[in-house]
Amino acid sequence: MNFTNSVSVSVETTCESQIQEIQYDGTEIYQPPPTLSETLAKCAAKIDFSKTSLDDLKKEEKITAEECDKDTALFQPSLWPWDSVRNKLNDALTEICVLADVLSIAKDKRYLVLDPVPEEQEETKAIVQVYSRKKALGQAAQILLSGAERLRNSHTEQRNRNVADFHIELLRLRQNWRLKKVGNSIIGDLSYRTAGSKFGMSGTFEVTKAEEIVDEEPSTSLSALTGSGNNNGLLNPSPKNSSALRVIVPAELQGVAYFKVITQKDQEDLCTATVNLIGHGPNITQQGYGVWQKTIEDAQNVLFCKELFSQLAREAIQLQAPIPHVVVSNQIRATLLPGIQLIISLCHSTTIDNSQPTPINDHDHDHVLEHSLHQLLREVHHKNSHHPFPHPASGPLGPSKKRMLAGPLAADRQTVLDMTKTQTILEQIIAQAQHIFMRKRTQYVLDTLARDVKDPQIVSHWNGMSKPTMSCVKINIVTHGYDTIYRTSLMIHVHERSLKVICRDGRVMYLSYEPQELRDLILCQINSHQISCLINLARCMAWPVISNSNHLGIGKVEPLGNASSCLLASPNSDRMIAVQIRCTQSQMDIKVYIARSPRHDFFPSPLVPEKFWENLGGHFKEVRFDKIEGKSFLNKIEFLMASLNSNNAS
């Protein structure tokens, strides 16, 4: 052989370890070879026990069956009857011991370690992961950009156009009003039937798109109605009030309705008030709602007024009043007091001229009457929808809750009778009107007396918390500068047709609706107050009170009440003062007399020879009381007492 041309060949063994990482400088980092336990676990994980052949299983079953036959053949029954039980308990004990050994081995980890079989991880390339993540991020960015573009276009469209979106307006409309879809139309309901109303007038309205009715003429179709507040629902071409909705209300609910209440006496209006059930709260049209809100509110106001007037007219006809009520057209006439009538009129205007002033004035608006009307009609609605148990659908109507509690609460007969009495809306309105009129009469009488009578002063305190048909006023009669000596107090309860007066001493007097009776009572109280103050002042000045009377029976007949008198003596009993007070229509007639003791004109006579008879006192002389200095009656009397005491001392 020729070895001159031989080439040296290097033979290297195959790399048993896999390459884990190749660095930038070309250095290869190998993965360490697996241990024997890892190799065994890897080989055991590759075994598929589910692929065992059926033939092997059948052979194993035959072998086990043959062994069982041999065992049964060799088995001999035991003579002990509990042998089978013992064998089963032994087998169970063996299994429990084996289970305990397995648990101890698995728990202590001193004999055996249970490791999960690792699965083969698929080899993934880093460039593939980077590409997949880049593609996912690109798709997410594209979705965000497309959404932002749509939002930008939507804001641009809303900024450029004047008409609001139809669906947004419809959503706002549904927040405040009941709507339903009937066919291709949207129908709304503004009635009070869900609250318990049984009024038969329809309260439905229709909602359409603005583009469908812009080109139509408002005079030929009711669909040209819109929600402008100034022109009462007619089409408003102003771009500021443009809306995507158009509300169509029935013809009988268009316009503005309100009540006009007049208290009349002999064709002369004593009191006039208007009741507009809307328009005096916050303007909801300016709070982000569409211009259709005003139209629906006006229509609901008209429906409410018509339902209320229908209820009042029905009750006026059914009531059996001493003076029958009269219902003519849209007007109800009821008698409050003799010669005084209450007139309730329903005013409904379908067209309003902007050049004319509005018929509703805030000064004439009666908020109290408006609240009463709302409350009374809501009470009727509540009674229509809330029946006492058991419900009429399942049984007859039962007693009310108050009547059911009358037994446990031990109510008397009068209380039970009051429970059975109910008043209609018209009766309650008439009672409130009578009370208002009586209260104004009482205020007028008290103010007139306080203005005319300067001495003493009349101070009235009206209670701010009162009932709709009863008010309370406390009257204090005091003399300026002498209010700590004495004051006269009385309480007056003003009802519908009468007055209840409670005096300081506990006496209770009932007066009618005539104002003269109250005037006479106050003047008599003033008369009694002056005498009581004079007695207390005399005690402070050490002047004994010889006699006093609130009902003097001598002299001429008084035009009002009775005359009062008081007789005082000086501390030395050498002077006497006699005071007489009579009531007149506008002021107090006061007369003062004085007498001196001993008498200077006493001369002994055969009939009266003793000298001591001159201490009886002389004739009373009238004092020009108006010439005495002093601001009030008590001030003048005090000066007179002081002067008489000083003259006696000198």
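**View 1. Burial of Tyr 192 and Phe 304 and the pairing of their rings.** In this predicted model, Tyr 192 and Phe 304 are both buried (under 20% relative accessible area with a 1.4 Å probe, protein chains only). The structure holds 2 aromatic pairs, a pair being rings of Phe, Tyr or Trp (its six-membered ring) whose centres lie within 6.5 Å, with planes under 30 degrees apart counted as stacked, over 60 as edge-to-face and the rest as tilted. Tyr 192 and Phe 304 form an edge-to-face pair, 5.5 Å centre to centre with 65° between the planes. This pair joins distant parts of the chain, 112 residues apart, with Tyr 192 in the loop between strand S4 (185–189) and strand S5 (204–209) and Phe 304 in helix H6 (helices, H or I, of at least four residues and strands, E, of at least two are DSSP runs, numbered from the N terminus).

**View 2. The pair formed by Phe 625 and Phe 633.** The rings of Phe 625 and Phe 633 are tilted, with 5.8 Å between centres and 50° between the planes, and both residues are buried.

**View 3. Surroundings of Glu 307.** Glu 307, found in helix H6 (residues 292–318), touches Tyr 192, Ser 197, Phe 199 and His 381, not counting residues up to four places away in sequence (contact means heavy atoms within 4.5 Å).

**View 4. Arg 504 and the ring of Tyr 486.** The charged end of Arg 504 sits over the Tyr 486 ring, 5.3 Å from its centre (NZ of Lys or CZ of Arg within 6 Å of the ring centre and within 35 degrees of the ring normal).

**Notes.** Residues are numbered from 1 along each chain as its sequence is written, and side-chain values use heavy atoms, leaving out hydrogens and water. Local features need pLDDT of at least 70 and side-chain atom pairs count only at pLDDT 80 or more, whereas totals for chains, interfaces and linings use all residues.

Terms used
Buried means under 20% relative accessible area, exposed over 50%, partly exposed in between (1.4 Å probe, protein chains only).
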